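Trainee: I would like to learn how to read pockets, salt bridges and backbone angles in a model. Please take me through them one at a time.

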Amino acid sequence: MDERINLHDYEEAAREVLPGMVYDYYAGGAGDEISVRENVAAWGRVRLRPRVLVDVSRCDLSNTVLGVRVEMPVLTAPCAMNGLAHPEGELAVARAASGAGVIQVLSTLSTYSLEEVDAAAPGPRWFQLYAYRDWGLTRELVERAAAAGYGALCLTVDGSIPGVRERDVRNQLRVPPDLRVANFAHHMPDAPDGSALLKYVTDQFDPGLTWDSVERLRALSNLPLVLKGVLTAEDARLAVEHGAAGIVVSNHGGRQLDTAIATCDALSEVVDAVAGTAEIFVDGGIRRGTDVLKALAFGARAVLIGRPYLWALAVEGEAGVRRMLDLLREELRLAMALSGCPSVAEIVPERVLR
C-alpha cells in the first residue's frame with residue numbers, strides 16, 4: 001500500500017527530502033503567516049448539507065473551464081521555480097496534468113521556458129504573467145504564449161510589490177546557480193547565477209499596475225484574460241467591466257498581505273458580485289476533495305492547487321504529481337457521492353451551510 005494516502009502526507013514527506021531553505025520558500029508566507037493558516041482552516045469551518053437516496057452509482061467529475069473540457073474541476077496553480085523541487089520541474093507537472101486531464105497554469109517564473117513546457121505534453125494550459133515596467137517584455141511574453149498555443153493569460157494583480165516573507169529573509173534565500181528563470185534567460189545571458197536573474201525579473205514588476213494596464217494588456221492578444229488575486233466584490237465588478245473572462249479568488253497563498261481575508265471567506269462575495277458574467281476560480285488552502293466540493297457549491301468553476309503539487313513533485317517527481325491528483329480526484333468523487341451529487345452540475349449552493 002502506498003504510504004501517502006492524502007495531500008497532507010506529501011507535505012510531511014517533502015519536508016524530509018527538501019533542503020530547509022527550499023521547503024520554507026514554498027511553505028512560507030508573509031508576516032506571521034496568519035493568512036497561510038487561515039486559507040486551510042476556513043475550508044474546514046464550512047459544513048456540508050448532504051442529500052440522500054440519490055443514485056450515485058456513477059459520478060461525473062468533468063466540467064468545462066473557459067469552454068475547455070477538463071476531467072475534473074482542478075487546475076495546477078502557477079508556482080515559481082518548480083525546478084527547486086525536482087530537476088524536471090514544470091515539465092513533470094505538464095505531463096502529470098496532461099495525464100489527469102486538467103489544465104496547467106504555468107508561472108512566468110518557471111525554470112523551463114513556456115515553449116519547453118508546451119512541448120513536454122499535450123493538453124490545455126494557461127500562461128500566468130505579471131505586468132512589467134518594460135512593456136516590451138510583457139508584449140514579448142504574451143506573443144510567445146499565443147504562438148505556443150496557450151489557451152488563456154492569467155494576470156497576477158496582487159504581486160506588483162513583493163510581500164515580505166520572513167522565512168526567506170532569515171534563510172537568505174538563494175537560487176542555485178544552475179537554475180534558470182527560463183523565460184527571461186536570453187535577457188541576461190551572462191547572469192552569474194539564478195539569484196541575479198530572479199532579482200532582475202522581480203525588479204521589473206510594475207508597481208504602477210492599474211485597470212488601464214488591464215485594458216492595455218487585453219489589446220495585445222485575443223486570448224481570454226483571467227485576473228488572479230481578487231478578493232472583493234468591488235474589484236470583481238471592475239474586472240468584468242474591464243473585460244476579464246475569469247477571476248481567480250486568491251490571496252497569493254498568504255504570501256503577500258498577511259491577515260488578508262481567507263479565499264474561502266471571499267469566494268461568495270465575488271461570485272455574487274459577478275453574477276455569472278465571468279467564470280470564477282479559487283485557490284488557497286484546498287487540501288481535500290470536500291474542499292473542492294465546497295468551492296464549487298459556493299460558485300467556483302474550478303479550483304487551483306499549488307503547494308500540494310510542489311510537495312508531490314519533490315517526493316516522487318511526475319509520478320508524485322499524478323498520484324496527488326488521483327488522490328484528490330477520488331476524494332472528490334467520494335464527497336460527491338456521499339453528498340448526493342452525481343455530477344458537478346448538481347453541486348449547488350444548498351449543499352453547503354452558509
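Mentor: This is a predicted model. We can start with a strand: β8 is the main contributor to the lining of the second largest pocket, giving three residues.

Trainee: How is such a pocket found in general, and what is the volume of the second largest pocket?

Mentor: A probe the size of a water molecule is rolled over the atoms, and this shows where empty space is left. Here the second largest pocket has a volume of about 340 Å³.

Trainee: How many residues line the second largest pocket, and which lie nearest its centre?

Mentor: Its lining has 18 residues, and those nearest the centre are V157, D158, S160, L209 and D235. Two elements give two or more residues to this lining: α9 (211–218) and β8 (225–230). Sorted by class, the lining residues are nine nonpolar, seven polar and two charged.

Trainee: D158 is a charged residue in that list. Where is D158 found, and how is its charge placed?

Mentor: D158 sits in the loop between β7 (153–156) and α7. D158 is buried but has no salt bridge, and K228, the nearest side chain of opposite charge, is 5.4 Å away. A salt bridge requires the nitrogen and the carboxyl oxygen to be within 4 Å. The D158 side chain does make a polar contact, at 2.9 Å, with the side chain of H252.

Trainee: Now the largest pocket. What is its volume, and which residues lie nearest its centre?

Mentor: The volume of the largest pocket is about 1,100 Å³. It is lined by 45 residues, with Y25, A80, R165, D168 and R255 nearest the centre. The elements giving two or more residues to this lining are α2 (20–27), α7 (166–171), α8 (194–203), β11 (302–305) and α13 (307–339).

Trainee: Which element gives the most to the lining of the largest pocket, and what is the lining made of by class?

Mentor: α8 gives the most, with five residues. The class counts for this lining are 21 nonpolar, 14 polar and 10 charged residues.

Trainee: Next, salt bridges. What is the general idea, and how many are counted here?

Mentor: Side chains of opposite charge can pair when their charged atoms come close. The count for this model comes to 20 salt bridges. One of them joins E33 and R167, whose closest N and O atoms are 2.9 Å apart.

Trainee: What does the E33 and R167 pair tie together?

Mentor: E33 belongs to the loop between α2 and α3 (34–45), while R167 belongs to helix α7, so the pair ties together parts that are 134 residues apart in sequence.

Trainee: Is E33 buried or exposed?

Mentor: E33 counts as buried, because its relative accessibility is 13% and the cut-off for buried is under 20%. R167 is partly exposed, at 25%.

Trainee: Which salt bridge does E318 form?

Mentor: E318 forms a salt bridge with R95, with 2.8 Å between the closest N and O atoms. E318 is in helix α13 and R95 in helix α4 (residues 89–100), so this pair ties together parts 223 residues apart in sequence. Both ends are partly exposed: E318 has a relative accessibility of 30%, and R95 has 25%.

Trainee: How should I read a salt bridge inside one helix?

Mentor: Take R322 and D326, whose side chains meet in a salt bridge at 3.6 Å, N to O. They are four residues apart in helix α13, so about one helical turn separates them. R322 is partly exposed at 32%, as is D326 at 28%. Salt bridges can also share partners, and such bridges join E3, R4 and E316 into one network.

Trainee: Last, the backbone. Which residue has a positive phi of about 50° although it is not a glycine?

Mentor: That residue is M81. M81 lies in the loop between β4 (74–76) and α4, and M81 is buried, with a relative accessible area of 1%. A275 is a further case, a residue other than glycine with a positive phi near 55°.

Trainee: Where is A275 placed, and is A275 buried or exposed?

Mentor: A275 is in the loop between α11 (263–274) and β10 (279–283). A275 is exposed, with a relative accessible area of 60%.

Technical notes
Residues are numbered from 1 along each chain as its sequence is written. This is a predicted model: local features need pLDDT of at least 70, side-chain atom pairs count only at pLDDT 80 or more; totals for chains, interfaces and linings use all residues. Side-chain values use heavy atoms; hydrogens and water are left out. On a 1 Å grid over the protein atoms alone, a cavity is a set of points where a 1.4 Å probe fits but cannot get out, and a pocket is an open set with protein on both sides within 12 Å along at least five of seven lines; lining residues have an atom within 4 Å of a point. Grid points are joined across faces, edges and corners, and a volume is the space filled by probe spheres set on the points. Ala, Val, Leu, Ile, Met, Phe, Trp, Tyr, Cys and Pro count as nonpolar, Asp, Glu, Lys and Arg as charged, and the others, Gly among them, as polar. Buried means under 20% relative accessible area, exposed over 50%, partly exposed in between (1.4 Å probe, protein chains only). Lys and Arg count as positive and Asp and Glu as negative; His and the chain ends are not counted. A polar contact is a pair of N or O atoms within 3.5 Å; within protein, one must be able to donate a hydrogen and the other to accept it, and residues adjacent in sequence count only if both atoms are side-chain atoms.
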